[in-house]
Amino acid sequence: MLKAHQGAEVDIIDRLPTPFGLVRSGVAPDHPETKIVTNQFSRVPQNERCSFFGNVSIGSSVSLSELREMYHVVVLAYGAESDRILGIPGEDLAGTHSAREFVWWYNGHPDCRNLAPDLKSTDTAVILGQGNVALDVARILLRPTMELATTDISSHALGALEESRIRKVYLVGRRGPVQAACTAKELREVLGIKDLYIHIQEADLLKTPTDEEELKNSRIQRRVYELLSKAAVSGHSHPSSGQRELHFVFFRKPDRFIDSDDRSGHIAGVRVEKTMLKESAGAGKQIAVGTGQFEDLECGLVLKSIGYKSIPVDGLPFDHHKGIVPNARGRVLSNTSDLTQLEEGLYVCGWLKRGPTGIIATNLYCAEETIASINEDIEKGVLASTSNMPKPGREGLLQLLETIHRTENYCSKDERIVLFGDGHHEMTRKEHIQYLKQWMTSEERLKNLNKLSDLAVKHYNEKSNSKYEFVKFVKATVLPHRGFLYHITFEAKEKDAVDGQSITFQAKVYDGRKLWDTEPDRFLDSDDRSGHVADVLFEKTMLKVTPTLCGKAN
Amino acid sequence: MFITKFSRLGAHVIKGLRRGQLTSTPGTAYSSVFNNHSLQPLKHQFFSATAGDKSQEGEDEANKKISVTFVDKDGEEKQIKVPIGMSMLEAAHENDIELEGACEGSLACSTCHVIVMDMEYYNKLEDPTDEENDMLDLAFGLTDTSRLGCQVIAKPELDGIHLALPAATRNFAVDGYKPKPH
């Protein structure tokens, strides 16, 4: 966006305090080369038109509608932070996790750092799914911890893995080796783990004519199949004692999770149904259908790696069936069916736009498409014009974040906030944020700040024998301190000046309203405590903003 | 003009072939380049400079550049000079050609995907390694002459090569295209 539009200012907002999203929480710790992309990401906010704001959540910190009011364009790119479910009995048994949770755990994502998967009371884990995430998870469970220790794996995970008793991992897929959803790189890696016994049933490698056709059309499936067939015939026929084992289990779909007899509520195994492939109508894809034959895989840990799911936020159209935001080339549609009903200024990108598949490059193209749409809309004048309708952008956001920050200063954990102690001003934290947000944008506040700025100019004129006139208010911060201490930025110009150019001032103004009559005022000695100008700090033509809550230092 | 250009190119090829015997075997040269790449992304590899050059000619060769033409997705051509030993990814970046390189040449992504426009030139390249093929599997708009820009290293035989940047962005996600799961 910065490249495509020379005037654009871009603020990146993340709910975590740290940047890089999935590269940090999703890419495996033993894939440092994939993480090199963070170098490129880091260069982005070095551009002075770009800032990063961490620790800001959509919903609790700022709502989507507020963002849309503050910015001309909002692009949602928050990915897929939830999981698809199987919808079979026993899915909630202790010892079952989604692969995403497990990945977040070993990558040190704050939401899952306390997951504490039990790796000690069992020696067998079942991973449902055969995509790259499934292979990542299998590799982390099976790779010698000596090797993992040199990666940036989270220390709590490394500690737990060092004590892990897991020796045997099943990778279960509904379809066959021809349809395995992983890529060659990840497969090669897991097959190459030191001293690992690999088991693939040779009968599973038999191909039907339809399989042959599928392989002919897909280079990646071809290469994955070749690797699997090679692995099936190489190596020993039996594991040596104590050797770690990886079993590829094809043509099985999970039917139910089995509750443990001696540890009720805990997983003891997975019942799987044998499947066969059937050509689905249209698509040319083969799907797995059950055969009615069942078998049980005993295990004490299940990791479900069957796909991610995006979560909607308030005020965002969402296609629950597909788990994505309905969009036309990145433009958010008001509803799924109608391509003409657009949400003005709202765009979507990445997994939230296409669903949770694809690699970095896929998302690169996806982002380019969204940016092209935005640019088209700017050129066509579809967006609220930047010149006719300026929006507060970063300033607005900072103000709002400060509001929240202030509320948290009043009261960080308590549900109720007592203001003024007169028994009439009690609010919940949420109400207080709401109240402050309204106050920040109210006309009353602006009137007051205009008045205080005007006072500041007069004060300055008296002191410096100048003749400035107040032009307009720019922005202000305020601290409650037996009244309110404002730092106001405003513009003023010299009276009767020929060129009439205004310059920027910043003033510190104390507005000591009589709120606490009984307490002595130690802050000011002025008798008139309303709108006393404490000082005009400086005048400057350019001001640098220093974010108070977060963001990069300017 | 066409003719002169062509004959010049021919001369280079012949010279290149002769030089080919001077340099170390392609296999070893390649693997050393690859290792360097994973350790020190985006550093120049002038491996040919050290390869058995006692003569004056050796130094000339080391400083020599070949001509490479990038063709962008709109079909526009940009011809640049690339020193022997430099990867096409580095060369593109030094010349402001919009070729991404998310993993900076460490064979962990497919963003520097280029298409060699002439089969003859494609055949002059070493075969891609398994690791490169793994990444090419995922490249958008893969062709028979696709390579990763970070793995194509300038050598005299490649003088005059044309590399196309895939026209991916124009076609992506139009008319029901579904990205392949991975």
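In chain B, 67% of the contacts with a separation of 6 or more join residues 24 or more positions apart. Contact here means heavy atoms within 4.5 Å. The model is predicted: local features need pLDDT of at least 70, side-chain atom pairs count only at pLDDT 80 or more, and totals for chains, interfaces and linings use all residues. Residues are numbered from 1 along each chain as its sequence is written, chains are lettered from A and ligands numbered from 1 in the order in which they are written, and side-chain values use heavy atoms, with hydrogens and water left out.

Chain B contains 8 helices and 5 strands. Helices (H or I, at least four residues) and strands (E, at least two) are DSSP runs, numbered from the N terminus. The order of elements in chain B, from the N terminus on, is α-α-α-α-β-β-α-β-α-α-β-β-α. Of the 182 residues in chain B, 48% are buried. Buried means under 20% relative accessible area, exposed over 50%, and partly exposed in between (1.4 Å probe, protein chains only). The accessible surface of chain B is about 9,300 Å², and carbon and sulfur atoms contribute 54% of that surface. Accessible areas come from the Shrake-Rupley method with a 1.4 Å probe; for residues, only the protein chains shown count as cover.

Chain A holds an open sheet of 6 strands, in the order E5-E13-E6-E7-E9-E8, with parallel pairing. Two strands pair if DSSP finds at least two bridges between them. Strands E5 (96-98) and E8 (196-200) of chain A are at the edges; each has a single partner strand, so one side of each lacks a neighbour in the sheet. Neighbouring strands of this sheet are turned against each other by 20° on average, direction ignored. Within the sheet, E7 (residues 168-172) and E9 (residues 244-249) of chain A run parallel and are joined by 5 bridges. Lys168(A) has Glu245(A) in E9(A) as its bridge partner. Helix H8 (residues 184-191) of chain A lies across E8 and E9 of chain A, at about 140° to E9(A). Axes are lines fitted to C-alpha atoms, for helices over the stretch in contact, and angles run from 0 to 180 degrees between N-to-C directions.

A second open sheet in chain A has 3 strands in the order E10-E11-E12, and its pairing is antiparallel. Strands E10 (252-259) and E12 (286-298) of chain A form the edges; each has a single partner strand, so one side of each is without a neighbour in the sheet. The twist from one strand to the next averages 20°. E10(A) pairs with E11 (residues 267-279) of chain A over 7 bridges, in the antiparallel sense. Phe257(A) is opposite Val270(A) in E11(A).

Elsewhere in chain A, E1(A) and E2(A) form a parallel pair over 4 bridges. Asp11(A) has Ser51(A) in E2(A) as its bridge partner. Strand E2 (residues 50-53) of chain A is covered on both faces: Cys50(A) and Phe52(A) are buried on one side, Ser51(A) and Phe53(A) on the other.

Helices H9 (residues 209-217) and H10 (residues 219-233) of chain A pack at about 115°, with their axes 5 Å apart. H9(A) contributes Glu214(A), Leu215(A), Lys216(A) and Asn217(A) to the contact, and H10(A) contributes Arg219(A), Gln221(A), Arg222(A) and Tyr225(A). These residues comprise 2 nonpolar, 2 polar and 4 charged. Ala, Val, Leu, Ile, Met, Phe, Trp, Tyr, Cys and Pro count as nonpolar, Asp, Glu, Lys and Arg as charged, and the others, Gly among them, as polar.

Over all chains, the structure holds 37 salt bridges. A salt bridge is a side-chain nitrogen of Lys or Arg within 4 Å of a carboxyl oxygen of Asp or Glu. One of them joins Asp11(A) and Arg394(A) (2.7 Å, N to O). This pair links distant parts of the chain, 383 residues apart: Asp11(A) is in strand E1 (residues 10-13) and Arg394(A) in helix H13 (residues 393-410) of chain A. Asp11(A) is buried at 16% relative accessibility, and Arg394(A) is buried at 18%.

Asp30(A) and Arg139(A) also meet in a salt bridge (2.7 Å, N to O). Asp30(A) lies in the loop between helices H1 (21-25) and H2 (37-43) of chain A and Arg139(A) in helix H5 (residues 132-142), so the pair ties together parts 109 residues apart in sequence. Relative accessible area is 8% for Asp30(A), which is buried, and 1% for Arg139(A), also buried.

Asp134(B) is in helix H7 (residues 130-136) of chain B, and Arg223(A) is in helix H10 of chain A. Both Asp134(B) and Arg223(A) are buried. Salt bridges with shared partners join Asp30(A), Asp136(A), Arg139(A), Arg143(A), Glu147(A), Glu189(A) and Lys194(A) into one network.
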